[in-house]
Amino acid sequence: MTQSRLHVPHPPARPGEKPDFSYLDIPPAGHESRPDTLAPAHEIERLGTGMVRVLDEQGRAVGSWNPHLEPEELQVALRHMLLTRHFDERMQRMQRQGRISFYMKSTGEEAVAVAQGMALQPGDMLFPSYRTQGLFIVRGKSLVDLMSQCLSNTRDMCRGRQMPIMYHWAEGNIFSISGNLATQFPQAVGWAMAAAIKGEDRIAASWMGEGSSAEADFHHALTFAAVYQAPVILNVVNNQWAISSFQGFAGGERRTFAQRGPGYGIPGVRVDGNDFLAVYAVTRWAAERARASGGPTLIEHVTYRAAAHSTSDDPSRYRPKEEWQAWPLGDPVKRLKEHLIGIGEWSEERHAALERELEAHVTACWKEAVTYGTLTDGPTLDPMSMFEDVFHDMPAHLKRQREELRGLTAAQHAAAAAKVSGGEG
Amino acid sequence: MAQMNMVQAINSALDVMLGRDPRVVVFGEDVGYFGGVFRCTDGLQRKYGEHRVLDTPIAEGGIVAAAIGMGVNGLRPVAEIQFADYIYPAFDQIVSELARLRYRTAGDYCAPVTIRTPCGGGIRGGQTHSQSPEGVFTHVCGIKVVMPSNPYDAKGLLISSIEDEDPVVFFEPKRIYNGPFDGDPHKPAVPWSTHPKGEVPEGHYAIPIGKAEVVRPGKDVTVLTYGTMVHVAEAAVRLAEVDAEIIDVRTMVPLDVDTLCTSVSKTGRCVIVHEATRFSGFGAELSATVQEECFWQLEAPIARVTGWDTPYPHAFEWDYFPGPARIVAAIRSVMEAR
């Protein structure tokens with residue numbers, strides 16, 4: 001007699017245990033060869049099991065995926081990644097001090113958003129997830145604006161309606177971040193379909209974590225993208241952890257996430273997500289393919305969520321504290337820095353100066369942002385504005401509710417004023 | 001009796017049922033090893049093993065669908081949806097499948113699934129961590145809808161939900177997980193140990209689904225409410241200095257029409273309070289029921305105090321939240337009407 005048995009995935013290490021990343025297959029840098037941009041999906045399935053890597057252990061750029069960027073571009077990349085990191089650190093501290101209600105850092109994953117933001121054209125439409133703040137930084141959104149959103153102040157692009165980090169930027173072609181997972185993935189496909197319908201050369205890109213790939217929206221996105229050969233780049237950022245669930249709970253024990261692409265007839269490319277050059281090169285390849293009517297690409301970025309999921313999370317309860325130090329793909333900032341030093345285009349001194357400059361910049365931006373108000377101190381947004389934008393034209397029932405709130409607020413102010421003057425008398 | 005907050009009471013209900021009934025399984029995102037983002041399942045995987053307390057992939061539709069399959073195959077699944085705001089990917093499985101399985105198979109199949117989900121605002125959660133979607137589910141035929149307002153009820157009602165032969169959506173108002181909340185965010189937090197309903201038996205007990213509770217007897221006006229708003233209504237009644245009868249509805253489906261209408265028939269006045277939006281909210285059902293059953297005893301039009309008909313705005317949480325001032329105003333208007 002046989003009996004089935006439930007398999008429950010186990011991460012390689014829990015708190016108190018030794019970090020173990022032996023489950024990761026990591027080929028040497030330069031091992032994968034870059035195929036023709038329009039290679040048929042079935043001929044390049046190997047890209048889903050290998051790992052595109054350009055930077056080797058000595059910080060050299062090797063192999064056919066090397067994008068051969070100018071040193072100036074690499075220095076800009078390093079600046080964007082470092083700025084993202086400093087911004088994250090400051091906002092985390094401000095949350096701890098009660099100045100903002102919530103925050104999510106992207107520490108350790110900065111290369112993904114920064115490299116992809118730089119590899120795409122300004123007209124390309126980005127459908128970000130909540131850990132791709134680097135996209136906004138690459139496209140030039142000011143930190144004051146990002147901070148103002150986190151503060152829900154008078155300069156907040158969301159007018160106080162969204163939790164911190166749920167940015168958007170219409171002029172910069174960056175879509176609204178949703179607190180609900182995976183929803184933007186098939187929306188990006190629809191945007192790309194529209195670009196193809198209109199005959200434009202713009203493409204779309206979207207991001208989600210590996211955990212979110214369990215949502216049905218992931219399947220919707222890949223099916224629609226494959227059916228219509230939409231010009232879209234779909235990115236799964238495999239940072240190993242979805243709050244407390246390791247990537248095995250999203251199906252990562254059996255296949256790579258990139259390997260799901262070929263199942264839909266889409267190329268799947270697995271890339272070293274902490275290697276700026278590799279992420280840049282793979283994104284350029286997928287973008288050229290999409291623009292040349294080659295259809296969608298699924299990219300899996302192998303990286304590590306060095307920070308907590310959010311300021312509400314405590315990862316020491318579910319993973320070893322030392323995991324980040326043991327992560328075999330290293331720190332993306334450090335790797336690009338070492339590469340630049342290796343080619344004689346950077347130095348420890350310049351790096352230290354850049355860090356000081358960025359820290360001062362972040363401080364100046366924060367000082368300016370709070371002048372537009374904080375959650376507790378003025379100037380504040382007008383609460384009556386909460387009734388706007390529910391619809392294009394405000395219906396009568398919302399106008400009535402707005403007047404009710406206005407009357408109530410006036411009565412409360414009058415009562416408070418009476419209390420104050422009573423106290424004085 | 002033990003002192004428990006609402007998280008501990010829910011944990012205790014799950015513990016009791018896992019211990020008593022080998023068919024009970026508990027699962028959801030982060031509920032296993034981690035014990036849930038609100039700690040409601042803390043320690044249960046260690047105690048009952050990972051075949052009965054499971055982490056799941058992030059897929060709410062998958063969680064509910066798997067619960068249905070398990071329920072059909074003889075288990076008693078208790079699924080957690082991490083925030084009520086995340087329940088919508090499971091909507092088709094709940095509405096088209098879970099709610100109708102018994103009906104469409106003439107009773108040959110059913111899935112006694114309990115879906116637990118934290119709801120409500122007041123935690124600076126913005127529009128994706130603050131919603132109260134109970135009215136969306138009360139409109140669906142075939143699922144029971146429950147929302148407790150204190151630890152004692154939470155445990156007793158959750159045990160009843162798990163033991164129920166029908167599917168139940170069990171809403172947990174997260175603002176009152178750690179203590180009752182009177183609607184004033186500037187006051188220091190009050191723990192459940194200060195409240196009589198923070199006394200919770202450690203063993204098994206059940207509070208029947210479908211029974212409302214009079215939490216404050218009174219003769220001048222009836223306040224119908226549930227969840228967090230029970231405590232806000234109590235504070236408002238103290239401020240309004242009226243002899244109000246406050247009823248905690250507790251179960252929206254099935255609704256305890258007798259208790260509600262006996263009270264309104266006695267007082268002749270009715271104020272309905274919920275945190276959810278107003279238009280087509282559950283208050284509309286309460287109002288219609290009271291009007292149908294108590295029309296000749298009503299001395300004044302029924303008033304509703306609810307969240308505004310907008311998404312929950314992050315910055316204006318306390319302008320949005322239907323606090324004591326709005327409830328007092330509604331009570332006064334109902335008292336003054338002739």
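User: Which domains is chain B divided into?

Analyst: Two stretches: domain 1 covers 2-200 and domain 2 covers 213-336. The bounds come from an automatic or database domain assignment. This is a predicted model: local features need pLDDT of at least 70, side-chain atom pairs count only at pLDDT 80 or more, and totals for chains, interfaces and linings use all residues. Residues are numbered from 1 along each chain as its sequence is written, with chains lettered from A and ligands numbered from 1 in the order in which they are written.

User: How many Å apart are the C-alpha centres of the two domains of chain B?

Analyst: 25 Å. Domain 1 of chain B puts 30 residues into the contact, and domain 2 of chain B puts in 28. Contact means C-beta atoms, placed from the backbone, within 7 Å.

User: Which elements on the domain 1 side touch domain 2 of chain B?

Analyst: α6 (134-138), β6 (144-146), α7 (151-163) and β7 (168-173) of chain B each supply at least two residues. Helices (H or I, at least four residues) and strands (E, at least two) are DSSP runs, numbered from the N terminus.

User: New topic. What is the strand order in the open sheet of chain B?

Analyst: β9-β11-β10-β13-β14, 5 strands with mixed pairing. Two strands pair if DSSP finds at least two bridges between them.

User: Which strands stand at the edges?

Analyst: β9 (213-216) and β14 (303-307) of chain B. Each has a single partner strand, so one side of each is left without a neighbour in the sheet.

User: And how do β10 and β13 of chain B pair?

Analyst: In the parallel sense, over 4 bridges. β10 is residues 221-225 and β13 is residues 270-277 of chain B. T222(B) stands opposite C270(B) in β13(B).

User: Which helix lies across β9, β10, β11 and β13 of chain B?

Analyst: Helix α8 (residues 229-240) of chain B, running at about 175° to β11(B). Axes are lines fitted to C-alpha atoms, for helices over the stretch in contact, and angles run from 0 to 180 degrees between N-to-C directions.

User: Now the core. Which residues touch the most other members of the largest one?

Analyst: V232(A), V271(B) and I331(B), out of 213 residues. A nonpolar core is a set of buried Ala, Val, Leu, Ile, Met, Phe, Trp, Tyr and Cys residues joined through C-beta atoms within 7 Å. Buried means 20 or more other C-beta atoms within 10 Å of a residue's own, with C-beta atoms placed from the backbone. Helix α8 (residues 276-291) of chain A gives the most to this core, with 11 residues.

User: What is I331(B) in contact with?

Analyst: Leaving aside neighbours within four places in sequence, the contacts of I331(B) include V221(B), A236(B) and V271(B).

Notes
A residue is buried if 20 or more other C-beta atoms lie within 10 Å of its own, exposed if 12 or fewer, and partly exposed in between; C-beta atoms are placed from the backbone. Two residues are in contact if their C-beta atoms, placed from the backbone, lie within 7 Å.
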